[in-house]
Amino acid sequence: MDATVTETTAYQKIGTFDANMCVICKDGRANVVSRNGELLLDKWYDEIIRISRNHFILRGIKGYSYYNLTKKKIAPITFDENGIYSEDGKMLLYPFVKDGVVTVRAGVRHLSYSISHDPDIQFKPQFFNLRKLIFKEGVDRIYNGWSGLYDATLNGDNRIDISLPLSVVAIENDAFNNMIPFIEHIYIPRRKSYAIRLMLVEQLRGYVKVDRIFINSMKDLVTNPTGHFYTFWIPSRPFSWQVFAQYSFYFIFFICLLYNGVKAYLHTFLPFHIEMYFGIPLYLILYIIDSLVGRMKLYSRIKRKIQSGVELVVNWMLFLVVLSMIFVPITFLVNDSFCSSQQQCQAAEISIRNINYKLSKRSFTKEIKILEVKISGSENVAWVELVDNHTFDNVSTCKVYYHRGCFGWNLLDGIGL
């Protein structure tokens, strides 16, 4: 192929001359030509994307490559449906805009492309209607350059939304600087929303909207169900009297629920009872283990897998303990609340279990006994706690008042001699 072209050569596309060169297209193939008609590339390509004065992306049979015309050097790059990246995947060289949306995949940190540095921007109308920038889960650091996606002269009155992931741990101060006047909202997940908000510069915090209130992603929900549960109920913002009031409300509600629910559970006639009070220390132990494991610095790949496996198991155990401490009491409260008329049994069997624990506070000790009540004709028992009460000592039968709950479980109302 000749190294020069004549003035009569017909081109289907001619780019903008900048630095005395431009991209041309002939017969469906592309090259770079100088002002005097000299072809600057040794061969023609299926597509050439000019991203700045001397930098081009070339698409051939084997995919994309990055070409620095000044150094005449071709560098390997990677690509997917969302863009073209540096070989290590940490830099987005050129984004693909789909319906006004730029999606940033996991691992990307920088954007090297800038609309203002693109001589051929008039041939890329997809950038003129940019409306959303989405950082996917797995993006951990957002460095500079993202403002290069927006240009006021091209976008007019259009506004842009930015969606940040839960995985982000650092955002550079100038990451979105030139974009600030044109941002509509910055969406962040509720879990870690306070921490993510603090990563943004002061001018950007007013644009923040909290979304993904409960589920950030199914993968994140599976790996950290307890974290989702906490942040759904607990305020995700700095401490204040309002937050203190909300915490206090949750705490009082939980204690009342636990007390009344466990009482209803123990008073229900069942084949056996599990003393649910043990759930609180178990919950605290699991919480401490989960916190300690999460802070362990294990750098070996095998140790990291072990650590993540332990975290997952402990997290789910913690989550199930929390659910049981909430939904079991609610179930028995509902059974008690919607019930039939009261019934009486004249000859219920009772037995007093051995003293199972004592409450001690310096100057006094309270004995707590468990009275097991069994209705005649049934093997199910209910429990009644007796504190310093010897009324039923050496008694084998008593009167029992009970009712049937909405789930069909009989519930003890009272006992008498």
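Strand 1 and strand 2 (residues 21-26) run antiparallel and are joined by 2 bridges. Look for K13, which stands opposite C25 in strand 2. As you explore, keep in mind that this is a predicted model.

These strands belong to an open sheet of 3 strands, in the order 1-2-3, with antiparallel pairing. Strand 1 (13-14) and strand 3 are its edge strands, each pairing on one side only. As background, strands of a sheet pair through backbone hydrogen bonds, either parallel or antiparallel.

## The whole chain

The protein chain has 8 helices and 24 strands. Of its 417 residues, 41% count as buried. The chain exposes about 23,500 Å², and carbon and sulfur atoms supply 57% of that area.

How do contacts span the sequence? Among contacts between residues at least 6 apart in sequence, 54% join residues at least 24 apart.

In soluble globular proteins, nonpolar side chains tend to be buried together. Here, the largest nonpolar core has 47 residues, and those with the most contacts inside it are I57, L133, F135, I142, W146, L164 and F176. Several elements give two or more residues to this core, including strand 6 (63-68), strand 13 (132-135), strand 17 (183-189) and helix 2 (193-199).

Which residues does F176 touch, leaving aside its neighbours within four places in sequence? F176 is in contact with L133, F135, I142, W146, S147, I162, I171, I183 and L204. Another core, of 21 residues, lies apart from the largest one; L257, L258, L270 and I370 are among its members.

## Outside: a nonpolar patch

There are nonpolar residues on the surface too. V210, I213, F214, I215, M218, V222, F232, W233, L312, W316 and L320 form a nonpolar patch there, and together they have about 940 Å² of accessible area.

Helix 4 (218-223), helix 5 (225-233) and helix 8 (301-337) each supply at least two residues of this patch. Which helix gives the most to the patch? That is helix 8, with 3 residues. L320 is found in helix 8.

## Charged partners

The count of salt bridges comes to 12. In one of them, the side chains of D46 and R29 meet at 2.3 Å, N to O. D46 lies in the loop between strand 3 (29-34) and strand 4 (47-50), while R29 is in strand 3, so the pair ties together parts that are 17 residues apart in sequence. Are these two residues buried or partly exposed? D46 counts as partly exposed, at 30% relative accessibility. R29 is also partly exposed, with a relative accessible area of 34%.

D140 makes a salt bridge with R109 (3.2 Å, N to O). This pair links distant parts of the chain: D140 is in the loop between strand 13 and strand 14 (141-142), R109 is in the loop between strand 11 and strand 12 (110-111), and they are 31 residues apart. Why does R109 count as buried? Its relative accessible area is 19%, and buried means under 20%.

The side chains of D140 and R141 also meet in a salt bridge, at 3.4 Å, N to O. R141 is partly exposed, with a relative accessible area of 29%. Elsewhere, salt bridges that share partners join D18, R50 and R53 into one network.

Conventions. Residues are numbered from 1 along each chain as its sequence is written. This is a predicted model: local features need pLDDT of at least 70, side-chain atom pairs count only at pLDDT 80 or more; totals for chains, interfaces and linings use all residues. Side-chain values use heavy atoms; hydrogens and water are left out. A nonpolar core is a set of buried Ala, Val, Leu, Ile, Met, Phe, Trp, Tyr and Cys residues joined through side-chain atoms within 4.5 Å. Buried means under 20% relative accessible area, exposed over 50%, partly exposed in between (1.4 Å probe, protein chains only). Helices (H or I, at least four residues) and strands (E, at least two) are DSSP runs, numbered from the N terminus. Contact means heavy atoms within 4.5 Å. Patches are made of residues with over 30% relative accessible area and no salt bridge: like charges are joined within 9 Å, nonpolar side chains (Val, Leu, Ile, Met, Phe, Trp, Tyr) within 5 Å. Accessible areas come from the Shrake-Rupley method with a 1.4 Å probe; for residues, only the protein chains shown count as cover. A salt bridge is a side-chain nitrogen of Lys or Arg within 4 Å of a carboxyl oxygen of Asp or Glu. Two strands pair if DSSP finds at least two bridges between them.
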